[in-house]
Amino acid sequence: MTTGISLFPAVDILDRQVVRLLQGDYDKSTVYGDDPAAMIEPFKAAGASWVHVVDLNGARGETGVNDEVIKRLCAVGGIGVEVGGGVRSLERIEELAEMGVRRIVLGTKLARDHAFAQQAAERFGELLVAGIDAREGRVAVQGWQEDGGMDALELVGLLKGWGYRHLVYTDIARDGMQTGIEPELYARVAQTAGFPVVVSGGVSSLDDLRAACALGPDVVEGVITGRALYEGAFMLEDALAVVEG
């Protein structure tokens with residue numbers, strides 16, 4: 001019997017390279033490879049059904065820098081590609097969909113332009129994922145560089161009414177730090193949203209994955225993991241075994 005929860009290996013792309021940032025700080029990046037498409041082949045081979053891609057150039061307003069990389073990722077086939085970072089227009093959503101992206105994360109515009117967030121959900125439905133990045137309970141935007149002007153849970157509470165059914169919620173203080181997750185936080189987020197959430201930030205061990213899965217599929221849709229995977233804290237096959245039950 002499976003848990004009904006998905007694992008999302010993370011591929012963060014900056015200047016066409018795979019990197020990880022510490023707490024979203026562009027000056028504290030670690031480069032893990034210069035061929036993102038080659039890096040997701042092992043994910044696919046191990047049995048992962050999704051990969052979570054963040055266009056870090058896009059997140060800070062540099063649209064298009066990594067488009068060829070995203071196209072190559074989608075061309076790998078056999079694994080769903082979810083992309084966020086710099087999605088700030090209906091045209092950009094259409095461009096990513098045409099590249100073959102299967103889920104598109106809306107972040108900054110979600111917080112700053114509620115009318116657009118609703119319009120996008122009405123037009124694109126299940127293709128869209130709400131992306132809420134929170135620091136000390138506040139929404140962070142523009143690649144985590146600015147305050148989004150509202151409480152994170154307040155924004156979560158608006159999503160269902162707008163038509164969103166998928167949410168990636170990132171705990172910035174824990175992202176890339178391998179400090180573990182806060183299960184109680186995600187339980188509150190899912191309860192507020194009215195649908196399950198994708199856990200992002202702080203996964204450092206198989207025990208963290210077990211803690212997330214223990215919340216159940218009504219609370220957790222999936223778990224994103226990046227640095228712990230790249231630095232060998234656990235093998236992807238073992239992580240998938242945990243998440244898939």
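# Briefing: pocket, cores and salt bridges

Helix H1 gives the largest share of the lining of the largest pocket, four residues. The structure is a predicted model. Its largest nonpolar core has 76 residues, and a search of the whole structure finds eleven salt bridges.

**The largest pocket**

- The space in the largest pocket is about 160 Å³.
- Its lining consists of Met39, Pro42, Phe43, Ala46, Leu229, Tyr230, Phe234, Met235, Leu236 and Glu237.
- Helix H1 (36-46), helix H10 (227-230) and helix H11 (236-243) each contribute at least two residues to this lining.
- By class, nine of the lining residues are nonpolar, none is polar and one is charged.

**The nonpolar cores**

- In soluble globular proteins, nonpolar side chains tend to be buried together.
- In the largest core, the residues with the most contacts inside it are Phe43, Leu110, Ile132, Tyr164, Leu167 and Tyr169.
- Phe43, which also lines the largest pocket, is in contact with Pro9, Val11, Ala48, Val51, Ile79, Leu229, Tyr230 and Leu236, leaving aside neighbours within four places in sequence.
- Another core, of eight residues, lies apart from the largest one, and Trp50, Val105, Val198 and Ile224 are among its members.

**Met99**

- Met99 is part of helix H4 (residues 90-99).
- Met99 counts as buried because its relative accessibility is 14%, and the cut-off for buried is under 20%.
- Not counting residues up to four places away in sequence, Met99 touches Asp67, Ile70, Lys71, Cys74 and Arg92.
- Met99 and Glu136 are 37 residues apart along the chain, and their C-alpha atoms are separated by 35 Å.

**Salt bridges**

- Side chains of opposite charge can pair when their charged atoms come close.
- Glu62 pairs with Arg60 in a salt bridge whose closest N and O atoms are 3.0 Å apart. Glu62 is partly exposed at 29% relative accessibility, and Arg60 is partly exposed at 35%.
- Glu94 forms a salt bridge with Arg123, with the closest N and O atoms 2.0 Å apart. This pair links distant parts of the chain, since Glu94 is in helix H4 and Arg123 is in helix H6 (residues 114-124), 29 residues apart. Glu94 is partly exposed at 29% relative accessibility, and Arg123 is partly exposed at 48%.
- Glu221 forms a salt bridge with Arg103, with the closest N and O atoms 2.9 Å apart. The pair joins distant parts of the chain: Glu221 is in strand E12 (residues 220-225) and Arg103 in strand E6 (residues 103-106), 118 residues apart. Glu221 is buried at 17% relative accessibility, and Arg103 is buried at 6%.

How values were computed
Residues are numbered from 1 along each chain as its sequence is written. This is a predicted model: local features need pLDDT of at least 70, side-chain atom pairs count only at pLDDT 80 or more; totals for chains, interfaces and linings use all residues. Side-chain values use heavy atoms; hydrogens and water are left out. A nonpolar core is a set of buried Ala, Val, Leu, Ile, Met, Phe, Trp, Tyr and Cys residues joined through side-chain atoms within 4.5 Å. Buried means under 20% relative accessible area, exposed over 50%, partly exposed in between (1.4 Å probe, protein chains only). Contact means heavy atoms within 4.5 Å. On a 1 Å grid over the protein atoms alone, a cavity is a set of points where a 1.4 Å probe fits but cannot get out, and a pocket is an open set with protein on both sides within 12 Å along at least five of seven lines; lining residues have an atom within 4 Å of a point. Grid points are joined across faces, edges and corners, and a volume is the space filled by probe spheres set on the points. Ala, Val, Leu, Ile, Met, Phe, Trp, Tyr, Cys and Pro count as nonpolar, Asp, Glu, Lys and Arg as charged, and the others, Gly among them, as polar. A salt bridge is a side-chain nitrogen of Lys or Arg within 4 Å of a carboxyl oxygen of Asp or Glu.
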